[in-house]
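Here's a quick tour of a sheet and some aromatic rings. Have a look at the model first, then read on.

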Amino acid sequence: MTLKLPRLRVRSSRMLAIGAAFLVVVLSFPSGIASAHTSFVSSSPADGATFADPVEMITVEFSGVSEPADDGFTVLMSDGLLRTPTSFVTLDDKMFDLTFDPPLAGGDVGVRWSVRAPDSHPIAGAFSFSVAAPLVAVTDATEPVPPSAETSDAMVMPDGGAMTPGMSMEEFMAAQPA
């Protein structure tokens, strides 16, 4: 009987090692799947910030690789003007620099964003800040662009912005992406 006892210990040790290795492999899968999702990290200007000078650039950062989805990045000015960035640049698909020409000014600015992670998981959110500098009048003498199917509920302005009739900042910030 003493000969069977060492074999049983060896067999038990092997089974324990195989079980531990299996457990390590199984527990490593959820972290790989979760890392495919992305989340909002920060913005500059930050939510609730106040600036004295007009804001030419907004930076939005995410935890993982993402791409604009649905409406992408949209801004509502306190005067009801709906603006999209003149351009946006990303070097790593995590941080987006949004440029506005003319710069953002004239009160509260609401920023709404919508992105998609590589696993196609969409996320959306919003933040706002204030700019104390007065709004600079657009001196472009071009005719307003007629509304398209995409902007049928809004009046398009010469600088590419659109007026959102009757939409408050609170409604804009709470709205889901189109």
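## A buried ring pair

Phe73 counts as buried, because its relative accessibility is 5% and the cut-off for buried is under 20% relative accessible area with a 1.4 Å probe, protein chains only. Phe96 is buried too, at 1%.

A word on the ground rules: this is a predicted model, where local features need pLDDT of at least 70, side-chain atom pairs count only at pLDDT 80 or more, and totals for chains, interfaces and linings use all residues. Residues are numbered from 1 along each chain as its sequence is written, and side-chain values use heavy atoms, with hydrogens and water left out.

## How the rings meet

Phe73 and Phe96 make a tilted aromatic pair, 5.4 Å centre to centre with 45° between the planes. Rings of Phe, Tyr and Trp (its six-membered ring) pair if their centres lie within 6.5 Å; planes under 30 degrees apart are stacked, over 60 edge-to-face, and the rest tilted.

The pair ties together distant parts of the chain: Phe73 sits in strand E4 (residues 67-77) and Phe96 in strand E7, 23 residues apart. Strands here are DSSP runs of E, at least two residues, numbered from the N terminus.

Phe73 and Phe96 also belong to one aromatic cluster, along with Phe40, Phe62, Phe88, Trp113 and Phe127. In total, the structure holds nine aromatic pairs.

## The sheet around E7

Strand E7 is part of an open four-stranded sheet, ordered E1-E3-E7-E6 with antiparallel pairing; strands pair if DSSP finds at least two bridges between them. At the edges, E1 (40-44) and E6 (87-89) each pair on one side only.

E6 and E7 (residues 95-104) run antiparallel over three bridges. Ser87 has Thr99 in E7 as its bridge partner.

Note on methods:
Buried means under 20% relative accessible area, exposed over 50%, partly exposed in between (1.4 Å probe, protein chains only).
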